[in-house]
Amino acid sequence: MVLLKGYVTIATVDPWMNMGRTNTTIDPSISNANTWTTHRLSGTQHPCSSRSFTFQRVVEIGRVVMINYGPDAGKLAVVVDIIDHNRALIEGPTTGIARTGYAFRRLTLTPLVVKVPRGAGQAVLKAAIEKQDLAGSWAKTSWAKKIASRAQRAANTDFDRFKLQKYKKLRREIVNKAVKATKA
């Protein structure tokens with residue numbers, strides 16, 4: 001199940017309660033539409049839905065996502081609107097992603113959030129991305145560094161791998177000599 005802020009999901013698997021159907025409604029008790037709560041069929045608040053979330057990355061307007069499938073795989077985009085529990089409208093004006101509906105299974109949520117209003121246009125979205133320096137924030141994350149490292153390693157030639165092997169061997173010899181000197 002995908003957590004959507006501002007929506008109430010009543011999902012039951014127990015055959016005695018509502019036969020496993022899922023209902024989604026806007027929660028009228030929430031003054032701020034950016035809060036997510038889950039209610040039981042009785043209407044009481046679910047014990048797991050306190051204000052501190054178990055999940056740190058929640059689908060919300062402005063959430064930065066990475067496309068993980070298709071021709072645009074690996075590109076970043078921003079959630080502009082939530083279509084339903086399975087899809088979101090995303091756009092990436094700085095990465096070349098046109099405004100398109102994507103299934104959540106094709107997206108990976110990142111920890112970054114851009115402050116934009118719901119259904120923001122391309123100019124507003126682009127200005128917000130540049131104002132918050134999304135590219136710089138993304139480059140600082142360990143996730144982006146890991147992706148860059150993998151790309152660099154994949155781009156290495158056979159000779160580059162050979163040189164790396166020799167440098168590692170040299171480093172190992174220097175460290176082993178220093179360890180021997182401290183033990184003696």
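This is a predicted model: local features need pLDDT of at least 70, side-chain atom pairs count only at pLDDT 80 or more; totals for chains, interfaces and linings use all residues.
Visitor: Which residues touch the most other members of the largest nonpolar core?
Guide: They are Val64 and Val114, in a core of 15 residues. Strand S3 (63-67), strand S4 (76-82), helix H1 (122-131) and helix H2 (134-140) each supply at least two residues of this core. Not counting residues up to four places away in sequence, Val64 touches residues including Leu76, Val78, Leu112, Val114 and Leu134. There is also a second, separate core of 13 residues, and among its members are Val65, Ile67, Ala88 and Leu109.

Visitor: What does the record say about residues 58-85, and how much helix and strand does the chain have there?
Guide: An unreviewed UniProt entry lists residues 58-85 as "domain: KOW". Over residues 58-85 the model has 0% helix and 43% strand, with the end C-alpha atoms 12 Å apart.

Visitor: Why is the pair formed by Trp138 and Trp143 called edge-to-face?
Guide: The ring centres of Trp138 and Trp143 are 5.2 Å apart, and a pair requires centres within 6.5 Å. The angle between the planes is 65°, and angles over 60 degrees count as edge-to-face, so the name applies to Trp138 and Trp143.

Visitor: What makes Trp138 buried, and why does Trp143 count as partly exposed?
Guide: The relative accessible area of Trp138 is 12%, and because buried means under 20%, Trp138 qualifies as buried. Trp143 comes to 24%, which falls between the limits of 20% and 50%, so Trp143 counts as partly exposed.

Visitor: Why is the pair of Phe159 and Phe162 called stacked?
Guide: The planes of Phe159 and Phe162 are 25° apart, with 6.4 Å from centre to centre; planes under 30 degrees apart count as stacked, so this pair takes that name. Both residues lie in helix H4 (residues 158-183), 3 residues apart, about one turn of the helix. An α-helix has 3.6 residues a turn, so residues three or four places apart point the same way. Phe159 counts as exposed at 52% relative accessibility, because exposed means over 50%, whereas Phe162, at 42%, counts as partly exposed.

Visitor: How do you know that the length of helix H3 agrees with what its residues should span?
Guide: At 1.5 Å a residue, the 14 residues of H3 (residues 142-155) should span 20 Å, and because the end C-alpha atoms are 20 Å apart, the two values agree. Of these 14 residues the number buried is 1, so H3 lies largely in the open.

Visitor: How do you know that the charged end of Arg106 sits over the ring of Tyr69?
Guide: The charged end of Arg106 is 4.1 Å from the centre of the Tyr69 ring, where the distance limit is 6 Å, and the pair is listed as a charge sitting over a ring.

Visitor: What is the phi of Asp133, and where is Asp133 found?
Guide: Asp133 has a positive phi of about 50° although it is not a glycine, and Asp133 is found in the loop between H1 and H2. Most residues other than glycine have a negative phi. At 44% relative accessibility, Asp133 counts as partly exposed.

Methods
Residues are numbered from 1 along each chain as its sequence is written. Side-chain values use heavy atoms; hydrogens and water are left out. A nonpolar core is a set of buried Ala, Val, Leu, Ile, Met, Phe, Trp, Tyr and Cys residues joined through side-chain atoms within 4.5 Å. Buried means under 20% relative accessible area, exposed over 50%, partly exposed in between (1.4 Å probe, protein chains only). Helices (H or I, at least four residues) and strands (E, at least two) are DSSP runs, numbered from the N terminus. Contact means heavy atoms within 4.5 Å. The expected span of a helix is 1.5 Å times one less than its number of residues. UniProt positions are given in the numbering used here, feature names are shortened, and annotations may be inferred rather than shown by experiment. Rings of Phe, Tyr and Trp (its six-membered ring) pair if their centres lie within 6.5 Å; planes under 30 degrees apart count as stacked, over 60 as edge-to-face and the rest as tilted. A charge sits over a ring if NZ of Lys or CZ of Arg is within 6 Å of the ring centre and within 35 degrees of the ring normal.
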